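Welcome! Open your viewer, get your selection tool ready, and let's walk through this protein one stop at a time.

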Amino acid sequence: REREKEGEAGREESLGIGPPSETAMSKLLGATTVLVLAALGVAIASLVFNILVFNKINSDSSDVSRDPSSSPATPDDGGCPPLNGISTDDNWKEAADRILATADLSVDPCEDFYQFTCGKYLQDTDLEGMSRKGTYDEAQYQINLGIADYLDSKKNLKDFKSETEKYEKNFYTKCVADGLEDAKDPDVRKRKWTDLSKDLNAYLGFPLIGVKGLPQNNEDLFSTMGKMERELTGGPFLTTFVTADFRDNNTNAFYINQPALHFARDYFVKPQFIDHLQAYAKDMRNMILAYSENMEQPIDIRFCPQRNGEDPAVVKNQVAEWAVNIERSIAMSSWPETELRNYKQQYTPFDDLDVLDYRFQQLYLGSYVRGILGQKKDYKLNGFKVVISQPTYLSALDGQFDAGHISLEDYTNYLAIHFLMDNASEYGIDIPSPDDKKETRNSQRKNKEKKFDKYITRRGFGARRISRRPLNSKGLAETENDEIRTGCVDAMLDYMPYGPGFTYVNNRIDRSDVRKDARIMAENIINEFSAMLNSLDWIDQESLARAHLKSDGLVRNYLWPDTVFGEDGTDYKKADNYNKAYSGLNDKDTSKMSYWEALKLMKTALMATEQWNIVDQPGDRNNFLSSPATVNAWYQPERNSITFPFGILNPPYYNLNYPQAYNYAGQGGTAGHELTHGYDDEGTQFDENGMLADCEFTHCSILDDKSRSGFVDMAQCVVQQFNTQCCPLKKGNVRCANGDTTQGENIADIGGQQAAYRAYNQFMANLGTTEDRLPGLEKYTPQQIFWMTYGVSWCMKITDERLTRQLMTDPHAPSSCRVNQVMQDIPQFGMDFKCKRGVSPMYPVEEDRCKVWVGF
């Protein structure tokens with residue numbers, strides 16, 4: 001559901017510190033009356049013919065009335081409407097320069113539009129140790145850099161009026177100092193392992209290296225898992241989150257689901273990825289080796305899963321392979337993403353924790369919930385439900401525990417290993433490779449991203465299920481210091497979303513103007529999408545009325561949450577009250593606090609503020625769900641809410657002073673995309689109030705059976721297109737996008753961009769003329785600039801390995817597909833670029849396109 005500036009001027013912009021005849025006819029002397037009448041007849045016939053052609057094209061293209069099969073695909077046609085001149089505005093030149101910086105204008109846009117808009121970017125971009133780099137990564141980097149600059153500009157805590165910003169400053173200072181430490185220094189490495197060891201031994205123990213396991217039985221184990229998740233996040237066996245109750249979003253519910261694995265499920269269950277599992281086991285072995293050596297605690301052979309030798313290297317290999325095999329068995333018991341899109345099947349509620357404890361033979365889920373909520377054994381649920389999302393997975397996990405072939409000590413060791421994996425990289429621990437003593441994890445990172453993503457980035461957290469892609473500043477930062485600084489801000493965006501979010505909003509002097517403009521644009525797009533619904537031929541009137549109710553009842557969240565920041569975005573008292581759980585970051589003993597202690601405090605405060613403390617509170621459909629400083633946007637079906645954080649209102653999506661062709665294509669397309677999620681295969685299961693709609697035996701839907709059949713046909717068209725036509729990889733194990741798992745995003749792309757285009761054309765109709773052309777891109781019409789801006793927003797360079805992972809795990813198709821495939825389903829694109837229909841790849845014949853939420 002999520003979308004994913006240079007120099008000092010860019011830094012200022014990221015925080016908004018800078019400014020917002022009449023020709024006479026010749027007489028036909030001597031002409032006969034017959035000739036006049038004949039000429040008049042020809043003119044009338046021609047006029048009638050042209051009207052018929054115009055009506056046919058207009059029905060196909062809505063606002064655009066150009067002949068789709070006229071001359072070859074050249075962009076220098078002026079179009080039918082009268083055109084204004086070329087803008088001399090510096091902001092418009094900047095917008096043009098952004099397009100020119102990425103586009104390869106030598107490519108035929110009708111043949112490969114992605115290369116046309118992104119060819120130069122792909123050629124010039126050096127990944128420099130990154131596995132992926134895109135135009136929107138740069139937008140997030142500039143926001144983070146601006147926040148870091150602001151925090152560095154305040155030398156004393158007394159310079160801040162807000163307690164929230166004092167918490168930020170203290171955490172940021174400790175984070176930067178930690179990042180500047182030499183991770184290869186043995187003393188630093190041992191101190192950090194010791195910090196992790198203290199918490200590990202206090203919660204679990206580690207029988208594998210001779211530290212007695214603390215859980216005495218399975219009930220203790222699940223209670224301990226809950227306590228660790230409450231304070232440290234993470235859960236190798238289960239995923240939990242709090243969000244609106246799908247059946248009654250006036251309340252919240254506590255959801256228990258299958259876990260987020262370190263790799264996609266396919267890596268564990270399909271034979272072509274065995275090499276990935278072998279590499280995974282090797283990394284795990286290196287980590288176990290580094291930990292035991294630094295803690296001077298050798299492996300206890302009694303707890304080695306395969307006791308055939310006591311050679312330390314062999315033992316550690318065995319342990320790592322055993323741990324990977326446990327995760328593999330968990331993966332095989334979990335459901336694939338393609339089967340997790342029916343919400344009726346994912347709603348099994350319980351209102352009694354004692355009943356939940358006895359629901360399974362060996363899984364003490366009631367004790368687990370009590371541990372998470374910090375409650376005693378006699379605690380009863382108070383006005384909310386615990387919802388099991390995947391009972392079949394839990395049954396399989398219960399069977400694994402019940403089989404008895406894995407001991408309690410084994411499970412304790414497994415949890416301990418994952419605790420270290422989730423925290424070692426985040427804490428900046430350097431892990432040498434025993435295969436090459438000169439090669440360290442730090443040196444490996446020059447060519448690869450972190451091998452172990454922190455658990456919180458593997459799934460949504462807090463009150464929402466919005467996953468957030470962490471920023472990799474390598475290749476974006478000019479200095480190593482900037483890389484560390486922006487990385488520390490990124491950690492705060494994860495663990496204190498309304499801290500740096502408040503700083504960002506509070507320092508944007510154009511915030512009110514941008515918010516007003518974004519609101520007007522979004523409302524125009526919602527209106528155009530509503531008009532698109534009326535053109536459908538497969539929906540009955542009752543279902544159409546329900547569809548309109550969804551857009552009418554949509555909760556709109558623009559740029560920042562008023563309840564947290566105030567209506568003008570500057571109410572620090574409200575922000576301080578919201579962030580009070582972080583107050584430990586400003587205690588008198590903060591100066592003595594280590595970075596690890598500060599990081600733990602952040603995690604605990606996050607989970608309390610965004611999750612555990614709201615579980616028994618009234619539901620809030622206006623919950624903003626993530627940081628306003630995030631370059632992202634989202635739709636939440638269980639709230640029927642759409643959210644545009646301030647961060648997305650930056651290039652490559654938007655600038656208040658850019659032409660509206662740019663803004664409607666970028667931010668407007670984002671708005672249309674998120675709106676359309678309310679009408680994808682998941683969104684249509686929820687009604688206008690964000691609750692499961694008209695549930696029957698097999699499903700829930702706002703559509704009746706006949707209309708739902710029409711919707712399925714539409715969706716299946718998109719699924720098949722992406723399954724068979726989107727092939728960004730020419731080698732390897734995965735070649736194409738998964739049309740099933742990406743269908744929601746693909747439907748949103750196609751439907752949303754059409755709504756944005758219609759809204760932009762309506763804007764020009766209201767204007768009474770077209771917008772001026774861009775300097776340097778004078779040959780291109782405003783409509784063509786609209787499409788080019790959309791393409792530029794998806795420019796991304798990516799390694800084959802990372803692309804393979806995206807094809808397997810990401811609900812979004814690769815960027816090239818999100819441009820070229822989407823253009824093929826929107827005929828107005830082909831008309832605007834005068835492509836030859838049925839000849840040019842970007843302009844297929846009518847029967848080869850998918851009509852997404854539109855009947856023409």
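Start with the cysteines: if you number the bonded ones of the protein in sequence order, they pair as 1-11, 2-9, 3-4, 5-6, 7-12 and 8-10. Keep in mind that this is a predicted model. A search of the whole structure finds six disulfides. A disulfide is a covalent bond between the sulfur atoms of two cysteines.

Now select C118 and C795, whose disulfide has an S to S distance of 2.0 Å. This pair links distant parts of the chain, 677 residues apart: C118 sits in helix α4, and C795 lies in the loop between α27 and β9. The link is left-handed, with -90 degrees about the S-S bond. Are these cysteines buried or exposed? C118 counts as buried because its relative accessibility is 0%, and C795 is buried at 0% too.

Next, select C695 and C700, joined with S to S 1.9 Å. Here the link is right-handed, with 100 degrees about the S-S bond. C695 is partly exposed at 28% relative accessibility, whereas C700 is buried at 1%.

Move on to C726 and C817, with sulfur atoms 1.6 Å apart. The torsion about their S-S bond is about 50 degrees, so this disulfide is right-handed. C726 is in the loop between α25 and α26, while C817 is in helix α29, 91 residues apart. Both C726 and C817 are buried.

For the last stop, select helices α8 (218-232) and α23 (595-610), which pack at about 105 degrees with axes 6 Å apart. That angle makes α8 roughly perpendicular to α23. Show the side chains of E229, R230, E231 and L232 in α8, which meet K600, K603, T604 and M607 in α23. The residues of this contact are two nonpolar, one polar and five charged.

Definitions and conventions. Residues numbered from 1 in each chain as written. Predicted model: local features only at pLDDT ≥ 70, side-chain atom pairs only at ≥ 80, totals over all residues. Heavy atoms only, no water. Axes fitted to C-alpha atoms, helices over the stretch in contact; angles between N-to-C directions. Helix = DSSP H or I, 4+ residues; strand = E, 2+ residues; numbered from the N terminus. Parallel < 35°, antiparallel > 145°, perpendicular 65-115°, else oblique. Contact = heavy atoms within 4.5 Å. Nonpolar A, V, L, I, M, F, W, Y, C, P; charged D, E, K, R; others polar. Disulfide = S-S within 2.5 Å. Buried < 20%, exposed > 50% of the residue type's maximum accessible area, 1.4 Å probe, protein only.
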